[in-house]
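Biologist: I'd like a close look at a single part of this model, taken slowly. Could you walk me through it?

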Amino acid sequence: EVAKFKGKPYNKTERWNSASSEGDVTPNPAFSPDGSKLLLMDENYTPTLFDLSSGRKLRAFGAPQNGNIVTSAIFSSDGTRILTAGPDSAVRVWDAASGTQLQKINHARTTEAATFSPDAQWIASVTTDDTVRIFNAVTGQVVQKIRAGKRYGASYLRALFAPDGESLLIWHGSEVVPTLYNFRTGKKIRE
């Protein structure tokens with residue numbers, strides 16, 4: 001059994017048999033690197049942190065800004081920070097322990113997603129103008145912009161750092177073959 005988190009806002013915790021199909025799954029869950037916490041979006045798409053063993057709500061990270069929802073939330077590799085993105089055109093870095101916002105990186109366009117590099121020194125953000133921006137995770141300065149080309153239909157652009165810490169995989173949801181880039185130079189490695 002695993003804890004099921006639900007309610008408004010998650011004021012009820014139930015036990016749930018993971019082998020059954022009972023219960024709904026909250027979108028975009030993320031485990032902390034040590035496996036002790038779970039980051040879920042609540043019904044307002046606000047990232048909320050839970051203790052995995054007890055199911056107890058620990059804290060929420062921000063609230064919808066001007067009616068916009070958070071669409072992406074992940075942990076840094078060391079578990080000390082949480083990165084969020086959403087249509088309010090900002091990427092935010094939060095202290096995982098306190099819930100304090102450490103950094104807000106504004107964009108000119110709606111942000112669809114963001115991710116940390118494996119060493120948590122870099123942030124890649126994806127915006128609706130089909131651009132992936134790479135930021136220094138400490139200073140918030142843009143170090144690279146990669147134009148990924150036009151999207152196809154309603155697909156979303158996505159980016160993922162490779163474990164080598166140098167490469168960035170970029171793809172549209174409808175693409176069969178993603179493109180690998182050197183994120184420092186912005187040059188294609190392979191398609």
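Which two strands form a hairpin with 5 residues between them, and which residue in the turn has a positive phi?

Modeller: Happy to. A word on the ground rules: this is a predicted model, where local features need pLDDT of at least 70, side-chain atom pairs count only at pLDDT 80 or more, and totals for chains, interfaces and linings use all residues. Residues are numbered from 1 along each chain as its sequence is written, and side-chain values use heavy atoms, with hydrogens and water left out.

The hairpin is made by β17 and β18, and Gly186 in its turn has a positive phi of about 80°. Strands here are DSSP runs of E at least two residues long, numbered from the N terminus. β17 covers residues 179-182, while β18 covers residues 188-190. These two strands pair in the antiparallel sense over 2 bridges; two strands count as paired if DSSP finds at least two bridges between them. Across this pairing, Tyr181 stands opposite Lys188 in β18. As background, strands of a sheet pair through backbone hydrogen bonds, either parallel or antiparallel.

Now look at one residue from each strand. Thr179 of β17 counts as buried because its relative accessibility is 9%. Arg190 of β18 counts as exposed because its value is 53%. The cut-offs are under 20% relative accessible area for buried and over 50% for exposed, with partly exposed in between (1.4 Å probe, protein chains only). Leaving out residues up to four places away in sequence, Arg190 touches Pro178, Thr179 and Leu180, a contact being heavy atoms within 4.5 Å. Pro178 sits 12 residues from Arg190 along the chain, and their C-alpha atoms are separated by 8.8 Å. With neighbours within four places set aside, Thr179 has contacts that include Lys188, Arg190 and Glu191, and also Leu168, Leu169 and Ile170.

As an example of the packing, Phe161 touches Ile134, Leu168 and Phe183, among others beyond four places in sequence.

How far should you trust the picture? The protein chain averages a pLDDT of 78, and 75% of the residues score at least 70; pLDDT is the predictor's confidence in each residue, from 0 to 100. Over residues 6-27 the pLDDT is below 50, although this stretch has 41 contacts in the model beyond near neighbours in sequence. Where pLDDT is low, the predicted coordinates should not be read in detail.

Key: Helices (H or I, at least four residues) and strands (E, at least two) are DSSP runs, numbered from the N terminus.
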